[in-house]
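Here's a protein to explore, one piece at a time. Take a look at the sequence and the model, then read on.

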Amino acid sequence: MPPGTLGFTAGGEVDDDDFDEVVAPVLRREVAEGRKIRLLYVLGPEVREHEGDATGAELGFAARHPTAWERVAVVSDEEWLRPAMRVLSVLLPGRMRAFPVRELDRAKAWVAADEETAGEQATAGAAPAG
């Protein structure tokens with residue numbers, strides 16, 4: 001991951017315990033240290049289920065730390081992702097964008113970019129979340 005960014009990969013079944021035990025401690029540390037969250041989340045092709053409890057845990061964390069979120073890129077080729085991203089982009093603070101797996105490097109660059117560069121990258125073909 002580029003400096004100043006965080007990245008996680010999910011596979012199989014994802015539930016709220018996964019978020020609470022793996023992702024939340026890292027995000028809490030970033031918030032405690034006063035850093036904005038720039039997150040890349042890769043959902044691999046083997047993701048069978050992203051449980052509602054996991055989404056609820058993620059939304060709850062975001063709601064408790066609304067000013068901490070700067071940019072979130074979700075990378076996946078899963079068909080259900082685009083509609084879900086549209087809903088989540090309204091609920092989550094910060095900017096959110098979906099990328100296909102073949103554009104993983106582009107997603108990393110977008111998460112790490114400054115505002116001007118990120119805007120240029122967004123207009124160059126990445127699919128908006130909302």
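How many salt bridges does the structure hold? There are five of them. A salt bridge here is a side-chain nitrogen of Lys or Arg within 4 Å of a carboxyl oxygen of Asp or Glu.

## Before we start

This is a predicted model, in which local features need pLDDT of at least 70 and side-chain atom pairs count only at pLDDT 80 or more, while totals for chains, interfaces and linings use all residues. Residues are numbered from 1 along each chain as its sequence is written, and side-chain values use heavy atoms, with hydrogens and water left out.

## The overall layout

The protein chain has five helices and seven strands. Follow the sequence along and you get the pattern β-β-α-β-β-α-β-α-β-α-α-β.

How much of the chain is tucked away? Of the 130 residues in the protein chain, 43% are buried. Buried means under 20% relative accessible area, exposed means over 50%, and partly exposed is in between (1.4 Å probe, protein chains only).

## Two strands side by side

Strand β5 (residues 69-75) pairs with β6 in the parallel sense, over five bridges. Two strands count as paired if DSSP finds at least two bridges between them. Within this pairing, Val-72 stands opposite Met-96 in β6.

Strand β6 covers residues 95-99, and four of its five residues are buried. Phe-99 lies in this strand, and Phe-99 is buried, with a relative accessible area of 1%. Phe-99 and Val-74 are 25 residues apart in sequence, yet their C-alpha atoms are 6.2 Å apart in space.

Side chains of opposite charge can pair when their charged atoms come close. Take Arg-38 and Glu-70, whose closest N and O atoms are 2.4 Å apart in a salt bridge. Arg-38 lies in strand β3 (residues 37-43) and Glu-70 in strand β5, so this pair ties together parts that are 32 residues apart in sequence. Arg-38 counts as buried at 14% relative accessibility, whereas Glu-70 is partly exposed at 22%.

Salt bridges that share partners also join Arg-29, Glu-30, Glu-33 and Arg-35 into one network. Inside it, Glu-30 forms a salt bridge with Arg-29, with 3.7 Å between the closest N and O atoms. Glu-30 also meets Arg-35 in a salt bridge, at 2.8 Å from N to O. Is Glu-30 buried or exposed? Glu-30 is buried, with a relative accessible area of 8%. Its two partners named here are partly exposed: Arg-29 has a relative accessible area of 41%, and Arg-35 has 38%.

## A negative patch

Which residues gather in a patch of negative charge on the surface? They are Asp-17, Asp-18, Asp-20 and Glu-21. A charged patch is made of residues with over 30% relative accessible area and no salt bridge, with like charges joined within 9 Å. Asp and Glu count as negative, and the place of the charge is taken as CG of Asp or CD of Glu.

Asp-17 sits in helix α1 (residues 16-32). Asp-17 is partly exposed, with a relative accessible area of 41%.

Key: Patches are made of residues with over 30% relative accessible area and no salt bridge: like charges are joined within 9 Å, nonpolar side chains (Val, Leu, Ile, Met, Phe, Trp, Tyr) within 5 Å. Accessible areas come from the Shrake-Rupley method with a 1.4 Å probe; for residues, only the protein chains shown count as cover.
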